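Please keep the sequence and the model in view while reading.

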Amino acid sequence: MSFAQPWAWLWLCAVVPVIILYFLRRKEQDWPVSALFLWEGIRPDRPLFRERLRQRLDLLLFLQILAMILFAFSLSQPQASFPRPSGATLLVLDGSASTSARGMSEKIVAAARKVVEESAGPWAAVLWQDPPSLLGGATSSREEILRALARYRPNLSRRPELAQALALFPEPWPRVVVITDNPPTVPGVELVVIDRPENLAITAFSVRPTPDGARYEAFVRVRNDQKRYCDAQIRVRTEAGEFWTSRLLPPNEEEEVILPLSGTPTQAFVAELLPSDDFPWDNTRYFAFSSAELRVAWQGEEDRYLWAALRAAAPVAQAEEDADLVVAVETQLAEEPPCPLLLWMAGSPLFPRGEAQPAGPLRAAPSSFLAHVDVERFRLSEIYALEFPPGATVLLWAGDLPLLALWEGPVGRRAVFAGKLKTSNLPLLPDFPILIRNILGWLVPPEPAPVLEVGQAVTLPPGVEVISEQGQTSGLWMPERPGIYELRRPAGQGFLAVNVPWEASQPPTPAPPSEVKTGEAISERPLWPWILLALGPVLLVEAVLHERRGG
Amino acid sequence: MAGPGRGTADGSPAVGELLSPAELALLARTRLSLHHPRGISPGGHLSRRTGASLEFADHRPYQPGDDLRLVDWAVYARHRKLVTKVFSREVEAPLYVLLDASRSMGIGGKLRFSARLAAALCFLAFRSGDRFGVYPFREHLEYQGRPLRRKTALIRAFSQLASLTAEGRTDLAGSLAHAAQTFPEPGLCLVISDFLALGFADGLKALRFGRHSVAAVQVLAREDVAPALTGEVRLWDVEERRGKPLVLGRSAQRAYQEALARWNHSLAETCQELQVTQFLFLAEGSPVGAALEVVRRWQP
């Protein structure tokens, strides 16, 4: 504050004439007398100063002086000093699924604004969701960071580790304020915990066929995070119909419900919990059975070790037509099949097989296909000599001959194993099914799991498409909303169930005690708007009082 | 309703407004009267039967035509002069209550006190069988007719006193002179006023010249005697409608009290000169006590 403002002094000096005018004004009281002639000739007394002062002390005078002082005070541009946490502040705003509840966004942004108002800056803001994103870069402008906070939008995905959000800035921040509804147990950060609204949720939903295969059973776990008993209704919808049940849920408790579902077999299920609440996304959960079965066309000799390894790697079934994979064992194919092909000691027109030769020492090229496979334990005596087209990738060598190679061409993917399995210990090692799973995963990429979470990116196999709100999607797909999505593939229709993360329905963990100490800085804010605001009621009271006294 | 003989007056509302039943009972029990006994009969009043008793008053020289039976032969035998005996017939004197009802009487409850005092005196007169009448005055006298002794007169007087309001100015001299001319016969004139008006001497003199026996009852309020206000005041004469600004302190109050004392002293001198009995009461006192004081001290 500074009283070096001439206008403030001038206005303050105007108080003096007001007081003088009040003192000069006669303040007489009417006094009726019976005989005025008795008072004639009586000399007036000199009034005491105290008496004069008492007669002139008027509420109107007080109000007028107060108004003038307030106005002069506001003209002096006073500043109020507030101690604020000093140092740069990184705001981490939780934007995961649980913050999508009604009213949570406003509370989180308000808390962030409060932190900004009470700190000295500079600031930056990070949206803590999957994937983390930057709301506002480092800035010393309070207005800029407040504008950045307005861009806060939560989604329905899982929350990654806090370190991922903090990794958006290469340099550590001296002060990190995490605004969340579910405080993490990360040391060195300040926590601003926002209370969640009361929630009623389905925390688990699954469907299984009964042992006799005649019908299904729905398993639903519901949770009441309200402070009162709740008469909840649970509805499971299938293509065959709706199935209802109800439970009286005690406060802050979970209950499991097994609901028998009759009717024709179906693949997609929807469980709903009524009544709805402020976080409706966990009042509905989705489930779908996996319909992906790998159809294998077997050619050549039988190999029970290989078949067992294939079954361990994926749900496989032998098929004569429309196969997803052709497996050729100890044979020479006459033509190339137009689908992925596993040549197991076999040849094809692209990979002609030669005679068996003694195998040299095994050596491996670094590759992810050999993950968790200990090549040194392999023993092999004989190997077929094979010719490879250009572009083949050799993963294993037996001396100078390729033992395991991969190739991808216009006709599809090819995996070739040239070792003579009968002269090897490979089928007896636990590395064998691992190796087969790795190869199969490349030859025929697996379909995604039938139950996903929002924000969980999946790679769709070639020829498989998801029908979503955005249309048909192939390749990489990341669901943004919960629901049942149709899966289109050559082998037929399937379904994907997408839910909000289960963690969003769980009660938050209690906040750990904060031991973070922050420095303080003095910042100043102008007070004149508040003073002018206080001036209004004073003038109003003065006007009303003056009016009541008859103007 | 009880008659005068039973000690109560009337149950009309006006009576209740002016005097409480306890005050009426107190007045009824007293044996005081404005006409004091002069005979030998103990406790009795003067007879008011006209023609029933003649009392020697004086002698005057005999004039031809006088009744020879009235010649005082004893005086003739002693002084050889013919004188005629003159008898005076004692007649009853009515009570005239002259009440100041000007605006100045409204200050400090003076009018209320005066009305109650007048009511008490009227009641005493009624109890004694005297004739009485109430005559308010402001700038003029409001003549209400001849004084009467009937109960209806008491009711009328009470109603009149209860409805009095303080208004108008005081013309003390003119009103009393008018009364002296208007009243049909000499009587007991009780003038109730604050006497804070010029011309009271002329008024009292006019009443005395009218052969009335006069008593001046001065009623003052506490505000008149000792004004409690200090500071800057605007004195406002309620009758004259004019004001005077004054800074009122202790010395000014003292000067006013001295002026009032001088004024009352002049009133007392005038009353003494005119053989008028003077009373001074404060309006905050008891009007019944004041009435008994008047009856006790006034010797018409």
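**Contacts, sheets and helices**

Q: How many residues of chain A are in contact with chain B?
A: Two residues are in contact if their C-beta atoms, placed from the backbone, lie within 7 Å. By this criterion 30 residues of chain B take part, and their counterpart in chain A is 20 residues.

Q: On what kind of model do these values rest, and how are residues and chains labelled?
A: This is a predicted model, in which local features need pLDDT of at least 70 and side-chain atom pairs count only at pLDDT 80 or more, while totals for chains, interfaces and linings use all residues. Residues are numbered from 1 along each chain as its sequence is written, and chains are lettered from A and ligands numbered from 1 in the order in which they are written.

Q: Which element gives the largest share of the side of chain A that touches chain B?
A: Helices (H or I, at least four residues) and strands (E, at least two) are DSSP runs, numbered from the N terminus. Helix 3 (49–56) and strand 1 (29–33) of chain A are the elements that give two or more residues to this side. The largest share, 5 residues, comes from strand 1 of chain A.

Q: Which residue is the bridge partner of A:Pro32 in strand 7 of chain B?
A: Two strands pair if DSSP finds at least two bridges between them. Strand 1 of chain A and strand 7 (residues 231–237) of chain B pair in the parallel sense over 5 bridges. Within strand 7 of chain B, the partner of A:Pro32 is B:Trp236.

Q: Why is one side of strand 8 and of strand 12 of chain A left without a neighbour in the sheet?
A: The open sheet has 3 strands in the order 8-9-12 (chain A), paired antiparallel. Strand 8 (199–209) and strand 12 (253–261) of chain A are at the edges, so each has a single partner strand.

Q: Which residue stands opposite A:Glu217 in strand 12 of chain A?
A: Strand 9 (residues 216–225) of chain A runs antiparallel to strand 12 of chain A, and 9 bridges join them. The residue opposite A:Glu217 is A:Pro260.

Q: Are helix 1 and helix 4 of chain A roughly parallel or roughly antiparallel to each other?
A: Axes are lines fitted to C-alpha atoms, for helices over the stretch in contact, and angles run from 0 to 180 degrees between N-to-C directions. Helix 1 (residues 6–13) and helix 4 (residues 59–75) of chain A pack at about 170 degrees, with their axes 8 Å apart. Angles under 35 degrees count as roughly parallel, over 145 as roughly antiparallel, 65 to 115 as roughly perpendicular and the rest as oblique. The two helices of chain A are therefore roughly antiparallel.

Q: Which residues of helix 1 of chain A make the contact with helix 4 of chain A?
A: On helix 4 of chain A, the contact is made by A:Met68, A:Ile69, A:Phe71, A:Ala72 and A:Leu75. On helix 1 of chain A, the residues are A:Trp7, A:Ala8, A:Trp11 and A:Leu12.

Q: Which residue takes a positive phi in the hairpin of strand 22 and strand 23 of chain A?
A: Strand 22 (residues 393–398) and strand 23 (residues 401–409) of chain A run antiparallel and are joined by 5 bridges. Their hairpin has 2 residues between the strands, and the residue with a positive phi near 70 degrees is A:Gly399.

Q: How many residues lie between strand 23 and strand 24 of chain A in their hairpin?
A: Strand 23 and strand 24 (residues 412–417) of chain A pair in the antiparallel sense over 6 bridges. In the hairpin that they form, the number of residues between them is 2.
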